[in-house]
Amino acid sequence: MTDTTPDPAQLLAIAVTVAREAADTARSMRAEGVSGVTTKSTATDVVTAADRAVERQVVAALAALRPGDTVLGEEYGGSGAPEGSVRWVLDPIDGTVNYLYGLPQYAVSLAAEVDGVAVAAVVRNAATGDEWTATRGGGARRNGRPLRASAQTDLSQALVATGFGYDAKRRAHQAEVLTRLITRVRDIRRFGAAALDLCLTAEGAVDAYFEKGLNAWDHAAGGLVATEAGLVVGGLDGRPAGPDMVVAAPPALFGPLTDLLAEFDAAGGP
Ligand code: IPD
């Protein structure tokens, strides 16, 4: 990053404005009835008219507010970003299956990255209006209040959230990992929106979270919230968080949890 790097606080202000409008759209479209439902990678990987409309709205809003930036979105993709420029990473509705069923656990997830590093982030639960924000080095907040993550030090007492991919073979492998892990922790939770899982971990509602197969838009914003709440966010065997694995855990749990996940080959399989 250079001296011309935009101020993370200014980027966050823009992110929050845009995400609130986007969440309003998602919620009001849900109230009118879910429409335009099609599938993507598998028959269970749904996308709705709202996912697409929200993404188009955010892209247009960011183009108006910050014309030089690029956007990577779940539904329409995006291009690479020139060095030192801002790339916005967007999941218009994370938790689309929850959205489809009316479960109040779906969110707009928006992060501003510079050279691949998230510097500002917002995750807004569109159903409840709860909002998690963070800037790099500036801490994490829920509805404006600083967050405190779990201080759990004993993995056997940890409540661990996770999620599953949409591909049946991948799920089979994830289920095998889970059958081994569940006897080594307090319990497992699966809420259905990775961005919110990371935020729930950031506020200590669960002790830790892991998932294989996430895309950048699933974890860019929530990952910064979790990091800024004091969690360690990374992959297995010293790798950064990425498609192979995203783990968010308190410092004392990160090593034991990633060791177990590596032993169970959680980043392997399809
Ligand atoms: C999904 C959710 C889910 C996670 C999947 C993601 P989407 O995102 O975050 O919790 O387990 O891996 O793909 O499809 O609802 O945007």
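I began with a definition: a salt bridge is a side-chain nitrogen of Lys or Arg within 4 Å of a carboxyl oxygen of Asp or Glu. I noted that this is a predicted model, in which local features need pLDDT of at least 70 and side-chain atom pairs count only at pLDDT 80 or more, while totals for chains, interfaces and linings use all residues. Residues are numbered from 1 along each chain as its sequence is written, and side-chain values use heavy atoms, with hydrogens and water left out.

**Salt bridges**

I found that the structure holds 10 salt bridges. One of them joins Glu113 to Arg87, with the closest N and O atoms 3.2 Å apart. Glu113 lies in strand β5 (residues 107-114) and Arg87 in strand β4 (residues 86-94), so this pair ties together parts that are 26 residues apart in sequence; helices (H or I, at least four residues) and strands (E, at least two) are DSSP runs, numbered from the N terminus. Glu113 is buried, at a relative accessible area of 9%, where buried means under 20%, exposed over 50% and partly exposed in between (1.4 Å probe, protein chains only).

I then looked up Arg142 and Glu203, whose side chains meet in a salt bridge of 2.6 Å, N to O. Arg142 is in strand β8 (residues 139-142) and Glu203 in the loop between α5 and β12 (208-211), so the pair ties together parts that are 61 residues apart in sequence. Arg142 is partly exposed at 24% relative accessibility, and Glu203 is partly exposed at 21%. Within it, Glu131 bridges to Arg124 with the closest N and O atoms 2.7 Å apart; Glu131 is buried at 7% relative accessibility, and Arg124 is buried at 14%.

**Helices**

Is helix α5 (residues 194-202) enclosed or open? I read that nine of its nine residues are buried, so α5 is largely enclosed by the rest of the structure. Among these buried residues are Asp197, Cys199 and Thr201. After α5 comes Gly204, whose phi is positive, near 80 degrees.

Next I compared helix α4 (residues 168-181) with helix α7 (residues 251-263), which pack at an angle of about 125 degrees with their axes 10 Å apart. Axes are lines fitted to C-alpha atoms, for helices over the stretch in contact, and angles run from 0 to 180 degrees between N-to-C directions. That angle makes α4 oblique to α7, since angles under 35 degrees count as roughly parallel, over 145 as roughly antiparallel, 65 to 115 as roughly perpendicular and the rest as oblique.
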